[in-house]
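Here is a short briefing on one protein model. It covers confidence, strand pairing, a surface patch and salt bridges.

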Amino acid sequence: MKNSLTSYPAWQALEAHYREIKDTTIQTWFNSNKNRGLELMIQDVGIYFDFSKHRIEQKTIDLLIDLGRSANLESH
């Protein structure tokens, strides 16, 4: 039987991160990082993704990648 995602330490780290950033406004992030719009943007194969206007930061992305690796997502 496979483990539930919520049982992974990477999930716990993501939950802790959420508690740290949940009250931070997007405006606060833009004010503290003038390059946020560029740093949290991905453009590939003609598709433009802008994560800057979401409650996310680079650490969030890193933790999501860790969770995917923990769940062996790459093999699927």
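The mean pLDDT of the protein chain is 93, where pLDDT is the predictor's confidence in each residue, from 0 to 100. Of its residues, 97% reach 70 or more. The model is predicted; local features need pLDDT of at least 70, side-chain atom pairs count only at pLDDT 80 or more, and totals for chains, interfaces and linings use all residues. Residues are numbered from 1 along each chain as its sequence is written, and side-chain values use heavy atoms, with hydrogens and water left out.

**Confidence by element**
- Helix 1 (residues 9–21) has the highest confidence, at 97.
- Strand 1 (residues 41–44) has the lowest, at a mean of 93.
- Helices (H or I, at least four residues) and strands (E, at least two) are DSSP runs, numbered from the N terminus.

**Hairpin**
- Strand 1 and strand 2 run antiparallel and are joined by 4 bridges; two strands pair if DSSP finds at least two bridges between them.
- The two strands form a hairpin with 2 residues between them.
- V45 sits in the turn, with a positive phi of about 45 degrees.
- Q43 is opposite Y48 of strand 2.

**Nonpolar patch**
- I42, V45, I47, F49 and F51 make a nonpolar surface patch of about 450 Å².
- Patch members have over 30% relative accessible area and no salt bridge; nonpolar side chains (Val, Leu, Ile, Met, Phe, Trp, Tyr) are joined within 5 Å, like charges within 9 Å.
- Areas come from the Shrake-Rupley method with a 1.4 Å probe; for residues, only the protein chains shown count as cover.
- I47 lies in strand 2 (residues 47–50).
- I47 is partly exposed, at 40% relative accessible area; buried means under 20%, exposed over 50%, and partly exposed in between (1.4 Å probe, protein chains only).

**Salt bridges**
- The count is 4 salt bridges, each a side-chain nitrogen of Lys or Arg within 4 Å of a carboxyl oxygen of Asp or Glu.
- One of them pairs K59 with E20, the closest N and O atoms being 3.4 Å apart.
- K59 lies in helix 4 (residues 58–70) and E20 in helix 1, so this pair ties together parts 39 residues apart in sequence.
- K59 is partly exposed at 41% relative accessibility, and E20 is exposed at 54%.
- K53 bridges to D50, with the closest N and O atoms 2.9 Å apart.
- K53 is exposed at 56%; D50 is partly exposed at 21%.
- D23 bridges to K22, with the closest N and O atoms 3.8 Å apart.
- D23 is exposed at 63%; K22 is partly exposed at 35%.
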